[in-house]
Amino acid sequence: MPGGTGVKKILTLLLLAPTALAAQTRTNVAGYVATDPGIEGHPLLVGATVARETGPMAARLSVGFDVSAPPTVTAESAQPITSGIWSTDADAMLFLGNPAGNAALIPYGLAGIGVRGLQTDGSVGVAANYSYGGGFRAPLGAGFSMEAEARYRQSIAEAPRRPEAVVGSGMEYRFGLSIGFGGAARRPSPGVIPRTMPPRPSSGSFSSMLASSDASLRIAAATLTTAERYIGVRYQWGGNTPQGGFDCSGFIRYVFDLHGVVVPRVSRDQARAGRSVPLDVSAFQPGDILAFATAGGQVDHTAIYAGNGLIIHSSSSGGGVGYDDLYSERGQWFLQHLVAARRVIEQGMYLGG
């Protein structure tokens, strides 16, 4: 890729990133180790990053320092020959999916500009560079993720006085551990117009539903009564049990399974189970599964409709299993990201997916 063209493309990405990251943000902080091909000796860098993520887009800053070897000292001089190696970057990132989602691997691409510096023999070498590459994030639960990436670096400008020490091109490999804050269930930004809400429906109490002649209402009521017992159980990505914690789809499968209703394990499959219900609160029945997409069109969260405008679910933002009111400010966010409603209980029979 020609230097001038590459630089223009990267600068364009970085300039557009703040516009793309307009509505709702998530902060991600990470520590990492990396090998840097642009500094002589290919040192091992240890550093930290902070990123602001919205949907599939992110803007990230990082800085790293060499810890691979102590400064070199000669017999003729008590002064270090090489010391103070550092590297810093500003990156624009594009995730193939929701960076706060619960997929096993979340790939991403990146492009950035950076500066590398090195103090040597009393002189300072500094070089700017652009880079591009990709990686993946592997969620570990409780907001933590493992990250790995590879990028190609190309120097584009350098300062005088030993710049050759930090001018170089090649592949950098980086591994890290990150933790994200927020982003799983954010409230709508000011100015967002929520979809028009009908009058709050009334489904009656669970006890009246249990006494109903409608078999589907009785099973739904029994399922919701069971679900209510687990309010307060912590959120755990990949969790399937009250003892280990629940993620959204694990909670739904667990409580339905206790009442003989079989649903898929993964949220995107739960969004295809049963039969479709119109995306209208007045059309929902207790026991329906509601599916949400927090980034683009990929389903990454599910909940059980509990009647009277309430949902019960396990969410990281809610701290685990609990109710949310679709008529509240927080509930508007869920309605704006609702993409499917599925009825899996009908006359006591599972409809299949």
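This is a predicted model: local features need pLDDT of at least 70, side-chain atom pairs count only at pLDDT 80 or more; totals for chains, interfaces and linings use all residues.

Residues are numbered from 1 along each chain as its sequence is written, and side-chain values use heavy atoms, with hydrogens and water left out.

**Salt bridges**

Let us begin with the charges. The structure holds 16 salt bridges, a salt bridge being a side-chain nitrogen of Lys or Arg within 4 Å of a carboxyl oxygen of Asp or Glu. Eight residues to look for are Arg-60, Asp-89, Asp-91, Glu-149, Arg-151, Arg-153, Glu-172 and Arg-174, which are linked in a network of salt bridges.

| Pair | N to O distance |
|---|---|
| Asp-89 and Arg-174 | 3.9 Å |
| Glu-149 and Arg-151 | 3.4 Å |
| Glu-172 and Arg-153 | 2.7 Å |

Strands and helices are named here from DSSP runs (helices are H or I, at least four residues; strands are E, at least two), numbered from the N terminus. The salt bridge between Asp-89 and Arg-174 links distant parts of the chain, with Asp-89 in strand S4 and Arg-174 in strand S8, 85 residues apart. The salt bridge between Glu-172 and Arg-153 joins strand S8 to strand S7, so it ties together parts that are 19 residues apart in sequence.

Asp-89 is buried at 4%, and Arg-174 is buried at 5%. Glu-149 has a relative accessibility of 7% and counts as buried, as does Arg-151 at 1%. Glu-172 is buried at 2%, and Arg-153 is buried at 0%.

**Cavities**

A search of the whole structure finds five cavities of 30 Å³ or more. On a 1 Å grid over the protein atoms alone, a cavity is a set of points where a 1.4 Å probe fits but cannot get out, and lining residues have an atom within 4 Å of a point. Grid points are joined across faces, edges and corners, and a volume is the space filled by probe spheres set on the points.

The largest cavity has a volume of about 70 Å³. Its lining includes Arg-60, Glu-149 and Arg-174, and these residues are also in the salt-bridge network. Strand S1 (26-35), strand S7 (144-158) and S8 each give two or more residues to that lining. The lining residues divide into four nonpolar, three polar and four charged, where Ala, Val, Leu, Ile, Met, Phe, Trp, Tyr, Cys and Pro count as nonpolar, Asp, Glu, Lys and Arg as charged, and the others, Gly among them, as polar.

**A nonpolar patch on the surface**

Now turn to the outside. Val-33, Leu-44, Val-46, Val-67, Met-171, Tyr-173 and Phe-175 form a nonpolar patch, with about 600 Å² of accessible area together. Patches are made of residues with over 30% relative accessible area and no salt bridge; nonpolar side chains (Val, Leu, Ile, Met, Phe, Trp, Tyr) are joined within 5 Å, like charges within 9 Å. Areas come from the Shrake-Rupley method with a 1.4 Å probe, and for residues only the protein chains shown count as cover.

Strand S2 (44-54) and strand S8 (170-181) each supply at least two residues of the patch, and S8 gives the most, with three. Val-67 sits in the loop between strand S3 (57-66) and strand S4 (82-95).

Helix H4 (residues 248-257) is mostly covered, with seven of its ten residues buried. Among them are Phe-251, Ile-252, Val-255 and Phe-256.

Strand S3 contains Leu-61, which counts as exposed at 51% relative accessibility. Leu-61 and Thr-88 are 27 residues apart in sequence and 7.6 Å apart in space, C-alpha to C-alpha. Phe-65 is also placed in strand S3 and is partly exposed at 46%.

Finally, look at Asn-308, in the loop between strand S13 (301-307) and strand S14 (310-315). Its phi is near 55°, a positive value in a residue other than glycine. Most residues other than glycine have a negative phi. Asn-308 is partly exposed, with a relative accessible area of 26%.

How values were computed. Buried means under 20% relative accessible area, exposed over 50%, partly exposed in between (1.4 Å probe, protein chains only). On a 1 Å grid over the protein atoms alone, a cavity is a set of points where a 1.4 Å probe fits but cannot get out, and a pocket is an open set with protein on both sides within 12 Å along at least five of seven lines; lining residues have an atom within 4 Å of a point.
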